[in-house]
Amino acid sequence: MHDKKFQVILTAFLVDIVRALTFLRSGRLPYLINWEASIGNTTFITLVISIIIDLKAMTAEDGPQIAETVADKLADVNLDTKHKEPNAKKEKKPKADKPKQGTILLDTLSSPSLLPLNLTVHPPPCRPTPFQPTTDPLFPPSITGRSKEVKKETKLGLNAKKEEDFSEWYSQIVVESELISYYAVSGCYILRPTAYSIWDSIKNWFDAEIKEMGVENCYFPLFIPEEYLLKEKDHVEGFAAEVAWVTRSGNSELERPIAIRPTSETAMYKTYATWIRSHRDLPLRLNQWANVVRWEFKHPTPFIRSREFLWQEGHTAFATQPEAETEVYEVLDLYRRVYEDLLAVPVIKGKKSDNEKFAGALFTTSVEAFIPMNGRGVQGATSHCLGQNFSKMFDIEFETEVEDKKDFAWQNSWGLTTRTIGVMIMTHGDDKGLVLPPRVAHLQVVVVPIPNSKLSEEDKAAMLGKSEELYTSIKKAGIRVNKDLRENYTPGWKYNYWELRGVPIRLELGPKDMVNGVCVLARRDTGAKELVAWGDVITRLPVLLEEIQADMFTKAKATFDGCLERATKWDDFMAAIDRKHMVLAPWADEVEVEEMVKKKSASEGAMGAKTLCIPMEQPELVEGTVCFASGKPAKNWALWGRSY
Ligand code: 86X
């Protein structure tokens, strides 16, 4: 053997001996059999193995080859740092495919290919990953409900009840049903595939509808120059505290800060001014699907109020006011249909009061939903008629058909956000978890075979085969279906699992069903079950899905109507508000009165009530009716409530 290489191996050997001795002297080799001890033991064992390798290398025929490996190992003078104590900081995981030159990892050291001769080694000398109680913002104990420890690993579901502790129930359901995960930036949430697929359904439907109307999609940049926002100063003022700014790149300050869009009026209308010159350039009807950031300081709630959210924002320009107004209401009705027809959530369409309208708009319309559990109204979406306010600010002027006559464009803007998903969860979810309306459910049916222990292997195979067959034919029929053939879970556990995730129909296949050629369809919304012959499954399922969709709306609508009261006197109004209801009350449409009501109806622990909207569908206003709050002649019926 070459002298030089032998020297290298010898040095390695000596170093390992010294390390082993140091380790022994440090008292870390424990005498107790607990997990900490095993860390210590394996560390020591690793060193012993190293020493044996060194010895073998010095004596073996293929010494030089082994020597190279050892030389590599020696080069890593910091090897000791890998003998982590359980409490030590987690080390950075090196890239698996390309280990750092000169480093030999403990894992690799023990991997068979590197071990000469017939040494057998126990599982990789371990990298300790003990359970550590964490204060990680990703897993705040109050939020996951998991860290209460008592929860068994296999236990599924929620431990808060919707009626008893609504906000805890909501926090748990969004996480446990795997819609969202919490993230290290407060007020920001990860939308997991199930949630995103619901958004996709909404998006696909709405996108097709607006395209049918003649709206086109586009995309404007995320960043907005400061000067653009300043141009709209009056309207931005109220929101200024919520605008997030980029002020630095790397270590250098930007010359001018750049805003992250809270909405895109300013970004788009600057450009619209350059695109719109003549009446022939109108109408201009654009929409974008985008994310926006509003640095809210109110308590964040997944989907309902987050600092970044997804939405569509439509921004259109017309030559005349009537055209613009027609669109405002057309879009508003699409929003109603998103809620009522897709999400089975009842809403009321209406106009916002002067207090509540967007300051830059001529008028604002909205759809308003309601959460009975906490008695709060929630704005579902808005469609604004901006009039000529923005076109005058941004110089969106065009040559009319009349020669030498110019006019400012009539504009609208309208938006629908991922808040839709939150309202849907709150409306339909129950103590077992999500209840998804079939039209937006990522999965509409799940096939669950229910074998029992008495079943012969043959019969079990037949049951699994039939499950597969049903699954395939349902899928072919265009229904979103999954099968749960996992063998390590009981049918009961699987029921809980899919109920938590809100799948509208569970198709069960039991031993008796195999004999009778039938299966059971169990509804998530009502729990009702029905027997269906195999041959009828693909005709029955689409009908049942639609029945569920319709029944979910009917049920939610009944609850909604039960929360809507009429009041013509202050005391009745307050009593209804304190019953956590919405109130329809005659109103003289005065800003000061709305402010007064807000103050007067606020108490410790309860925010004041405000107008949610002035419903488009108005009850008859009998001559002489007066405002419930001011006693002045009423102009309309307004919808009031506490709100998000
Ligand atoms: C109001 C107006 C409008 C297009 C919609 O409601 C639908 C889609 N935009 C939105 N608005 C803001 O909320 C707003 C917020 C901040 Cl933080 C801001 F800096 C400016 C804003 N301007 C308008």
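A residue is counted as near a molecule when one of its heavy atoms lies within 4 Å of that molecule. The model is a predicted one, in which local features need pLDDT of at least 70 and side-chain atom pairs count only at pLDDT 80 or more, while totals for chains, interfaces and linings use all residues. Residues are numbered from 1 along each chain as its sequence is written, and side-chain values use heavy atoms, with hydrogens and water left out.

Around the ligand there are 17 residues, of which Phe239, Thr263, Glu265, Arg294 and His384 come nearest.

Which elements give two or more residues to the shell around the ligand? They are strand S8 (308-318), strand S11 (376-387) and strand S14 (410-417). Here helices (H or I, at least four residues) and strands (E, at least two) are DSSP runs, numbered from the N terminus. Sorted by class, the shell holds 7 nonpolar, 6 polar and 4 charged residues. In this sorting Ala, Val, Leu, Ile, Met, Phe, Trp, Tyr, Cys and Pro count as nonpolar, Asp, Glu, Lys and Arg as charged, and the others, Gly among them, as polar.

The three strands are linked through S14. Two strands pair if DSSP finds at least two bridges between them. S8 and S14 pair in the antiparallel sense over 8 bridges, and Gly314 stands opposite Trp414 in S14. S11 and S14 also run antiparallel, joined by 6 bridges, and here Ser383 is the residue opposite Trp414. Are the residues of S14 buried or exposed? Of its 8 residues, 8 are buried, where buried means under 20% relative accessible area, exposed over 50%, and partly exposed in between (1.4 Å probe, protein chains only). Both faces of S14 are covered, with Trp410, Asn412, Trp414 and Leu416 on one side and Gln411, Ser413, Gly415 and Thr417 on the other.

Helix H13 (residues 419-428) is also mostly covered, with 9 of its 10 residues buried. Among them are Arg419, Ile421, Val423 and His428. The C-alpha atom of Arg419 is separated by 7.3 Å from that of Arg305, although the two residues are 114 apart along the chain. Arg305 belongs to the loop between S7 and S8 and counts as buried at 13% relative accessibility.

Two open sheets may be considered next. S5 is joined by 4 bridges to the antiparallel strand S6 (residues 252-260), in which Ala259 is the bridge partner of Trp245. The other sheet has 5 strands in the order S16-S15-S17-S18-S19, with mixed pairing. Its edges are strand S16 (481-483) and strand S19 (529-533), each with a single partner strand. Within this sheet, 4 bridges join the antiparallel strands S17 (residues 505-509) and S18 (residues 518-523), and Glu508 stands opposite Val520.

The peptide bond from Leu282 to Pro283 is cis, with omega near -5°, and Pro283 lies in the loop between helix H10 (265-275) and strand S7 (284-293). Glu178, a residue other than glycine, has a positive phi near 65°. Glu178 is located in the loop between helix H6 (166-176) and strand S1 (180-182) and is partly exposed, with a relative accessible area of 29%.
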